[in-house]
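Student: Hi! Could you walk me through this fold? I'd like to go from the sheet to the helices and then to a couple of single residues.

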Amino acid sequence: IAKFQGIIPAFYACYDDKGDISEARTYELCDYLHGKGVQGVYVGGSSGECIYQSLEERKAVLGHVARRLQGKMTLIAHVGAPSTRDSVELAKHAADLGYDALSAIPPIYFKLPDSAVYRYWSEIIDSTPLPFIIYNIPQTTGYTLTTSLFRKLLENPKVIGVKNSSMPVLDIERFKNAGGDEVIVFNGPDEQFVAGRIMGAGAGIGGTYSAMPELFLQADKLVRNGRFAEAGAIQSDINDIIIALCSLDGSMYAGIKEVLRRRGVNVGGVRSPLEDISGEDAARIDAIVRQIDEA
Ligand code: NAY
């Protein structure tokens, strides 16, 4: 699990001016993140707007990122889709492309029993030889992974860990406690990255990392060196920035894409029903960019 350490940005959907997937802009974001020295990317998750893209579009994005970054960093493909059939198709595609690992949210929309969720994840896992990372994000899926289902999934040696996005840091500690040394827990909520790392997360996967990779890389390094007070101070700066991003009229994703544009990386806008930035957001984003530069 050594290659799954460090700072792993959740990759953003990159669109052209018409709102279609842009290969050129995907490469721009790849090059920017590679230049910043992050350890990997998590492609096609929440920040990748997977929920608003067709299967063909999601396959195209996985392909563009793989072509640009293979051999340069760790590549994780999020393949969760409403049906098991589509998830398995994406999983096989990611395996053919040479991804290092797969990940998936639980099934969404219908409230299903644990037996169905277990079968859904297991069928994805069984469809390729790749390692698998469970994605627990109860606030968007409405499904909460229990430690008992986690333990059951860990009986399959291909399951290497969980990306935990529930807010209690306690959950990170409980999953690490249930999994032990062989398992990696990824911190999900960027607002408590430092706390998550101290409580058992070996790495982080996050949506706001792209806006300020330098800050997360520095916080991660400080935690590794046991310099927790300094790491905590960076976390405070990070949280001021995240709270400002969450206070825009437009969606946070639109705000982060605007920050990226100010930093010279144009990845286009967001797909409806996510809202674009509007009104006073431009001035607010000026202030956010200054906050990032000064942190
Ligand atoms: C993904 O799949 O895009 C992620 O891993 C991102 C996880 C993010 N959660 C959501 C719902 O976007 O990074 C977090 C989040 O953006 C951050 O904590 C700010 O709230």
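This is a predicted model: local features need pLDDT of at least 70, side-chain atom pairs count only at pLDDT 80 or more; totals for chains, interfaces and linings use all residues.

Student: Great. How many strands are in the sheet, and in what order?

Tutor: Eight strands make up an open sheet, ordered E1-E8-E7-E6-E5-E4-E3-E2, with parallel pairing.

Student: Which strands stand at the edges?

Tutor: Those are E1 (6-9) and E2 (40-43). Each has a single partner strand, so one side of each lacks a neighbour in the sheet.

Student: And what does the twist average from one strand to the next?

Tutor: The average is 25 degrees.

Student: Let's zoom in on E4 and E5. How many bridges link that pair?

Tutor: Three bridges, in the parallel sense, between E4 (residues 101-104) and E5 (residues 132-136).

Student: Nice. Which strands does helix H6 touch?

Tutor: H6 (residues 147-154) packs on the sheet and touches both E5 and E6 (159-164). The direction of H6 makes about 150 degrees with that of E6.

Student: What about H6 and H7, at what angle do they pack?

Tutor: H6 and H7 (residues 169-179) pack at about 35 degrees, and their axes are 10 Å apart. The H6-H7 crossing is right-handed.

Student: Which residues meet there?

Tutor: From H6 you have Thr147, Phe150, Arg151 and Leu154, and they meet Arg174, Phe175, Ala178 and Gly179 of H7. By class, the residues of that H6-H7 contact are four nonpolar, two polar and two charged.

Student: Switching topic: where is proline 129?

Tutor: Proline 129 is in the loop between helix H4 (114-126) and E5.

Student: Buried or exposed?

Tutor: Exposed: the relative accessible area of proline 129 is 73%, and the cut-off for exposed is over 50%.

Student: And how far is its C-alpha atom from that of threonine 141?

Tutor: The C-alpha atoms of proline 129 and threonine 141 are separated by 26 Å, with the two residues 12 apart along the chain.

Student: Last one, asparagine 164. Which strand is it in?

Tutor: Asparagine 164 is in E6. Asparagine 164 has 0% relative accessibility, so it counts as buried.

Student: What is asparagine 164 in contact with, leaving aside neighbours within four places in sequence?

Tutor: The contacts of asparagine 164 are Asn136, Asp171, Ile172, Phe175, Phe186, Asn187, Gly188 and Pro189.

Methods
Residues are numbered from 1 along each chain as its sequence is written. Side-chain values use heavy atoms; hydrogens and water are left out. Two strands pair if DSSP finds at least two bridges between them. Helices (H or I, at least four residues) and strands (E, at least two) are DSSP runs, numbered from the N terminus. Axes are lines fitted to C-alpha atoms, for helices over the stretch in contact, and angles run from 0 to 180 degrees between N-to-C directions. Contact means heavy atoms within 4.5 Å. A crossing is left-handed if the near helix is turned anticlockwise from the far one by less than a right angle, and right-handed if clockwise. Ala, Val, Leu, Ile, Met, Phe, Trp, Tyr, Cys and Pro count as nonpolar, Asp, Glu, Lys and Arg as charged, and the others, Gly among them, as polar. Buried means under 20% relative accessible area, exposed over 50%, partly exposed in between (1.4 Å probe, protein chains only).
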